[in-house]
Structure formats: structure tokens, C-alpha cells
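Reader: Hi! Could you walk me through this one? I'd like to chat about a helix and some charged pairs.

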Amino acid sequence: MTDTATSTCPFCGTEIAMFNRSLIGQQVICPACAQTFSVLDNLDNKPMLNSDSGVATPGADGPQSSRKASRGRFSQVVGIIALVVLAGIGLAMWKVARPHTSRASIDFAWIPPHAEAIVYIRPADLLKSSFVDWLIEQGAAREMLRESLEKIRSEAGFSIDDIESITIGMRYVGDLAAGANAIKPGQTPDLFQTLITLGTLGQKEVVAVVRLSQLVDLTKNQTFQSMTEAVTYHGGITYFRDKPFPGAPASGFIYFPSPRVIVICGREDVLQDLIIHGGKAEPRPEMEIIDPSQHLVLATVMTRDLKAIATTKGRGLTSDFETLNGVQAVCLGITVTDGLEISMRQRCVDQQTTQDLHAAIEKLIPLGLDEYRKAMPFLTKNMGLVGDAMISSAKSAQKELVVETILNLPAKSRENLRAIPNELFTALMAGGASEGTEDKPTRSKPSAAGFSPQVDKEEFRGAAVIVEKLEGLPKGLLLRGRAGWMPDGYKKKNEGQPLARLLTFDIEYGGEIAGRIVEIGNLQIKKIETDPAQFLKLTTNPDAVLRPSPFHGFVDKRSASDIFSPYDCVQIRLHLEHPDVAPTKLTIVEGEVTLRVATETKSIMIPELLSQIGKPVTDPDLKAAGFEIISEVGIQGEEFWIAYFARTAKVDDFRVVRADGKRMDLAPIVMSWDQFGKPGYAIGSNAKPPAGLAGKVILHTQFEELTVPFRFENVPVIECPDKPYAKGTPWGLSTAKGSPKATVVVAQLQLAGGFKTIGDETRVIPSLRIDVTGPAFRYVLGAANKKIDTAVTNSSEELEFDPRYHTHGFEYVGYDFQSPHYPPDGATVVFYFKSRPMPFESLETVTGSCRLLVAEAEKRTVIEKLSSHVGRTVTNADLDAAGLEFQIDQIDMQEKEVRFTVTKGNNHAIRSTDLIPAVTSDNSSFLPSYEKDTMKGKIGLRDYTIKPDDSMEIIYYTGIREIEIPFAFSKLIAPPPKPKD
């Protein structure tokens, strides 16, 4: 039997757990004060554990937990402590309370020797402040906090008030930063790799030491007993480990040096080593910069990797960052009284370095303030004020080998802090409730040139060229353009080779009219020429795969991924495939676009907003817009409200306001809630909504379309950032005659599927990709009669056309969604050749032709009250004009589908169909399909039940005709073959 008792330290009075009576007469180290004393007369015989194996015995009336229940394991104990840590970190950013009367330096006992990073937290003090109380009140989180603290108390056996401090020490922190050192300035780390690296923290030497303000015997806690098992170490020392899953090693260990100290460790060998050495604290002069009176501290030794990162990343700002090479350790500390104080301390290797660092920081403070104030126009109002207050307060001081910089956020900034969340949601969602908004959504104000200031997130953009006078440009509409480069995300960086980039050109319309633009579309490019002269192929945005494009119909100016539109500016970004030679300027960029402009906008008040839940609206404009508001219950039981509009509605803004229409203090946050193309706004509030909550809708009700031109000449292109320039495979321009007017036919030689090696012979499948673009090819429905007449390589060999890959009828050619470079205003047709040996360098001559099925326009019509048309032929004015007839065959509720047949018209005329629920807020999704060969289709209903007022939407093509496309190309360069992955 092993008796465990407690002994009292004669120096500081701390009671210490003695897990073996054989320690009597031996010298031990007090974990609280680090003094050494002899365990003899002062040993109190107070058994804590009573078991032959040294394992704690649960109380007789304790629960007999099953193996399944015990799988909470020690990781739950770690989770409890982690919860405390996270709560402390989060709340420390806002406030704390009392002064701390601790020693001048924190206690490093039980921390891994030579720890490279220290985290020190006083969680109990974090919660004892009027500021945190105010913060909890603002978030209506008092009850949630109470429940969380009660959970900690019941499961851990002590309250958060009993935790004096938590100290976390870790070694090999430099390993976590090693990958960051390879990151170039301006780039970001690989997120996936970062997560993997952080996931290895548990395998490092990481130890958490929890110091309590009162005696706690956690071993008698029933929850602790069910999750852990005791291990008797040599010498009779007992520690605990979590109960692991079968076949899995334990991942958490806990040791009690005294009733006031808990040591938590992720690796058993690390804990055993600490026990052998009695948790002795090594001298850490470089860590004396940690102030234990602060509420949250993060300190780290400046390893070689960290110094490399700091000096490399700072070199672009100032050479003063080089002084960081002489820094031993850095400490970030946070203390909050009525406001927030943040301090940064650096300990240097010698006095000269200390003086140099102090001088460098003195220069950096005004520089940083100047740069911040330049960026303030791009921040929300209150965020800018908070940052300015903190940077303006920065003061630097030097004492011995330590340089300290302190920033303060005064208590008067509470109101600024409170306003930031609403401002951020408003800025991100382009609408919603925000303090300070009155009649317009919170967006950027026009600058002197008539355009909104924007934060340019692209690395390499040229200077803007403004065109104020251009024939056909409406009065008050300004035009601006600029060229630049952007990384092409679809092309990876090869071994030592530069990253391929796309040449881009931004076209912006600004001014008073631009603020009323609702949609943009029907974009046409007439001419793009460069110097040096070469053919540049226009592509869509590489990130716009399967997304709307202004080249096809109309898109909302705020929703298209390739349109970046502040309130008073509309921007279109053109992408030009990698030029064969990097151009110095764009000599001509010419085209036109159609803008849909609101000519009538109404501001409509909805009094007693939440009383309208589930009720029909009486305002005719809101009724036409399909407005309704419903109540929803979130995952955690919280209630929120959603205001819905029909998908055809053009809502400029929706917000919650006072009954008089003015802004409301502490208004609930409003977020965009677009579902399946239907505008919606979620109104969230953790607390009871304020009385008199009203709604304010800004609705566009009438429109006009303006076809406006753009033309730029001699726009300079900045030097391509990568040297040597990463070229793409050149495209060739067809010289054949006979294509429709304004048609552009280009081709690129490709290798389908890489190459295969058969014996000693390498074989490839060459393919010819042809893009046909122009005004007549906005809607291409299919291709047929594809043929190659001649195809001769540079070695005078003839490539043999392979008809197996081609059908006789019209096959769909649409857009090649698997490639980032499908044509924005046309179609891609691919011609395959039979496999052949490689390599060959180019295709010297290739001729051929194909037929395309094209349409003049894409239109939309709705069959209302769908269920009333079952078994009947359906037609309306739209379908009559297109020569189409539909028959609704059946609504099969057993199979959950609507079946229909196109009884008259071209079988390619139907693009898509969908079901439109009569209730605007119904977000059910359906599964439509249509077979062109049989001209039959269906709409899968999933779990939805058809209602009498539900409708069917049909998107169809008009003006369908066939067009012959001949082509002739010369000297198409072959790309180098690459093996399959």
C-alpha cells in the first residue's frame, strides 16, 4: 500500500503532495517558491490515495462508468483547461481588473527547460472588470457565460475564481515558423500546411501549469476518476493519464506537485523528465521581460527562424528591422483597467543594440501612424478611430537591456468598439443596419475624379488612364482604365520557374449615373491591340468558372465575381491569356457594354416590422417585389428573422430603423441572405428586439438600358513581375474567309491526356482547340460536321483526324468549364487526331470547318399555376413568338417529379427549367433535367409538395440558325508533352 500525504513548505507555507513516505528525510524543491527543504518533521500524515497500486479509489456511492462513458479521457480535462485559456485570451482583448501583487517574474517551475515560448494568463482577473461586464451585456451573453463557468466548476472541481494563473511553455517553436521563412513578402502561408504544422504541437514539448489560489484535491473528483487512470512511476511517484481508445496511446498526462499546482503535458517522457528533476526552474534572464501583473502575456525567444522572418518581411518597410537580429526575446503583454493597454518588450544582447532598437522604434511609430492614416479612408469609420487612438498613444522607453513600447485604448473608445461589428457587416454585405447610415447604404463616397477610393488587392496594377470625353458616353458618366498583371491560379509554379501570370485590363464607369447602375451585361470587345504587336486571346476571370459573366446576358453589378463595384463605380476586369512577349502598352482597347440603370428608386417604410411576420403586405411595390418576412430558429435555439424578396426584385438596400425612419442605437445586425438567386436579409439578435423596430427598403422599380462605349489608346503596361517571363502556348488567328461578319476564330494546339510510352516509343493524342467568338456567338447550342482537311507538322507529317471522338448530330460545345480559358463570348470546339509518336515542334498548316447552331437571344417565361395545366398543351405569348409548345404530362407525387414534353419547336431551344414556389421564402431546391433527343424533361421535387399557385420557369433560346465556320491556321506551336500525374 502506498500512502500519500501532504507536507508544508517552511519558506512560503505551500502545502505539497507527497506521493511516497520514502521521501521523508530527503531534500525536495517547493514548486511554489523554488526553495529546497528537508521532508521530515513537517510531514503531515494525510492519506490521499489508498490502493495497492497507488490508484485512486472512487467513492462507494460514485457512478460506475462504462468503458464507453470513460472514453471522455483526460483530453476532456485538457479541454476544460483549454476553455479557460481561450476565455482568458478572448476577454483579455477587451479588459481586466485588479492589480496583481505577485513576484517580479513569473514562476518557471515545471516548464520545459529552454522553452522557446511562454504563454501566461490570469483568467480569474480577466472576468473581474466593469469593462468585461459591459462587453458581456452588449453581447447578451451573461447567461451563456454563467452556464460555461458552472460547467467548469462542476466538471473540474474548482471554479475559475480559484485559478490564479496558467503558464504554458513550449520548446521547438522555431519548427512552427520554419515554413513561414520561405514565404515571399506579399504572399500568405499555405493554410493546409499551416494546419498540419499546428497539429503537431501535441508532439512537441508543451506543458501547461495551472496554479490555484486554494487547495484542491482533483483526484477525488468523480469526473476526473472516470476519465483518467493512475500510473505509478519509479520511486513511488504517481501521475495520471487519460483513458485512451483501445489500440491508441494516451495523449494527455497530469501530475500534482502540490494541492495548488496542476501540471498538464501531452507527452509522457517529457512529464517523467520534469518529475525526475523536481520541476526545477532554470534561470531565464531573457524571459525576465514577462510582467506577472499583466493579464495575458505571450513571450518567445527570438530563434534563428523567427529572426529571419522578421528581418526579411520588414525589409520592404525599413532597414531598421535589421536591428531585430540583436534581440534575444520578445514579449507581448496585455493589461486592461478601464481601457486597454498593450505593451511590446524586447530584450537585447547588449547596450548598443538596445539603443539602436530604441532609436529604430522611435522612427517607426510616426511612420506607422502616417501609413495608417493614409489607409483610414478604406476602413470603417469607428475602426479607423480605434486604430488611430491606439497608434497615436504609442510611447517607447529604454531600461537597461529592454526596450518597451506601450499603446493605450481609452475607456471612451467603448462606443467606437461597439459600432465596429455593425460597420463590418454593412461593408461586407453592401447593406444592412449600421449606426450612422441614413438614406443610402454605407459605401464609399466619390473622390474628386468621380470614382470611389478602393483598396487594390492585386500586386501589380498600373496607373489609371481617365477618359472624360468619348463620343456616345452619357453626360455625367466617367471612364477609367488600367492595365496590370495577376497570378494565374490554375498554373502552378514549377521547379525554379516563374509563376505564369495573366495580363489584365480594368474598365471602370464612374460618376453620378454609375451609382444608379443595377446590372451590367452584353459586353462586347471590338478590338485589342498591343505593342509589340501580337494576338492576345481574351478569357473570362479564372475564378468565374460556373459563375455568371457580363458577356452572357445581365448580372447584378454586386454579385458577379469579375465585377468589383463600389456604390458609385462599376468595374469590369478583362483577362488576356499569357502573351508570347510581355507587352509594354495596350495600343487599343475598344468595345461596349449595356448598363441597366434605375430611373425610379423608392424608399419604403415597414412599421412594426416583426408584427408583419407571416402576413401579406399591402404596399403595391413591396407586393410586386414578393416581400415577406418569416421567423426562423437557429441551431442553438436562437430566433432570427429573414426578409425575402422575389428573385426578380432589385433591392438596393434593406435595414432596420426606428419608427421615424432614422438609425437605431444597438440595431440588430442585418446580413445578406441570398438563397437560390432570391434576395434575402437575415435580421439577427441575441437579445429581445428593441421596441418600435421598423424596416426600411430601398427598391428599384423602373429601369432603362444604356449601351455605352469604351476606348483606350496607348495604355502603359507595367513590367511583368516575374523574370524571365512565363509564356503561355501561343494562339493562332484564322485566315480563312467565309465566316460571319465580326467573327474571330482562334486556335491552340494541345496534347490530350499527356503522353504514353509504348516500348521505346512515346505517343501523344494531338488535339486542336478552336474558339469562335463574336456578337453572333453569344449563344452557341452545338456543333456538327466537324472535319479536318489538312494537318501537316513541321516534319512534313500528316496528322490523321480521328472521327471516333465526334458525333454526326449537333453535340453540345457550350463552355469548357474544366479550363479557365473558355471564351467569354463564344464557344469552344475541339478536334482530336489519332495518337502518334512525339515530339514534333509545330503544326505548320491546318484547315477544316464545322457547323455551329447559334441563337440570337436567351429569354425567360413563366407558366403560372402549374398544377392547372396538367394534361394540357401550354402556350403563352412568349412561347408562341418562339414557336414553342409545352405539354405538362404529369405531376407524379409518388415519384416526386413533374414531367413535361416539348411538343413543338427546336429540340435545342430549351436551356433549363425550374419550379418556382409561390411562397417567396421557400428555399427548396429541385432537380430539373431535359433530354434533347426525346424532347422530354422532368423536375425532381425531392420532399416538396406542389401547391396550387406554384409556377414553372422556362429559359429558352430564340432565333436559332446554323452557321458554317471555316478555318485555316499556320505555325501553331506544340506544347511540351507532360506525363500524367
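**A buried pair and its surroundings**

Author: Happy to! R345 and E404 are both buried, where buried means under 20% relative accessible area, exposed over 50% and partly exposed in between, with a 1.4 Å probe and protein chains only. Bear in mind that this is a predicted model, in which local features need pLDDT of at least 70 and side-chain atom pairs count only at pLDDT 80 or more, while totals for chains, interfaces and linings use all residues. Residues are numbered from 1 along each chain as its sequence is written, and side-chain values use heavy atoms, with hydrogens and water left out.

Reader: Thanks! What does R345 form with E404?

Author: A salt bridge, with the closest N and O atoms 2.7 Å apart. The term stands for a side-chain nitrogen of Lys or Arg within 4 Å of a carboxyl oxygen of Asp or Glu. R345 sits in strand 15 and E404 in strand 17, so the pair links distant parts of the chain, 59 residues apart. Helices (H or I, at least four residues) and strands (E, at least two) are DSSP runs, numbered from the N terminus.

Reader: And how many salt bridges are there by that rule?

Author: The count comes to 37.

Reader: Which residues are linked in a network of them?

Author: E519, R596, K650 and E705.

Reader: Nice. Now E844 and K971: where do they lie?

Author: E844 is in strand 39 (residues 842-855) and K971 in strand 48 (residues 961-973), so their pairing ties together parts 127 residues apart in sequence. Their side chains meet in a salt bridge of 2.9 Å, N to O. E844 is partly exposed at 24% relative accessible area, and K971 is exposed at 58%.

Reader: What caps its N-terminal end?

Author: D350 does, with a side-chain oxygen 3.4 Å from the backbone nitrogen of Q352.

Reader: Which residues of helix 10 are buried, and what covers them?

Author: The buried ones include T353, L357, I361, I365 and Y372. Their cover includes strand 14 (327-336), strand 15 (340-348), helix 11 (381-392), strand 16 (395-399) and strand 17 (402-409), counting contact as heavy atoms within 4.5 Å.

Notes:
Polar contact = N/O pair within 3.5 Å; in protein donor to acceptor, adjacent residues only side chain to side chain.
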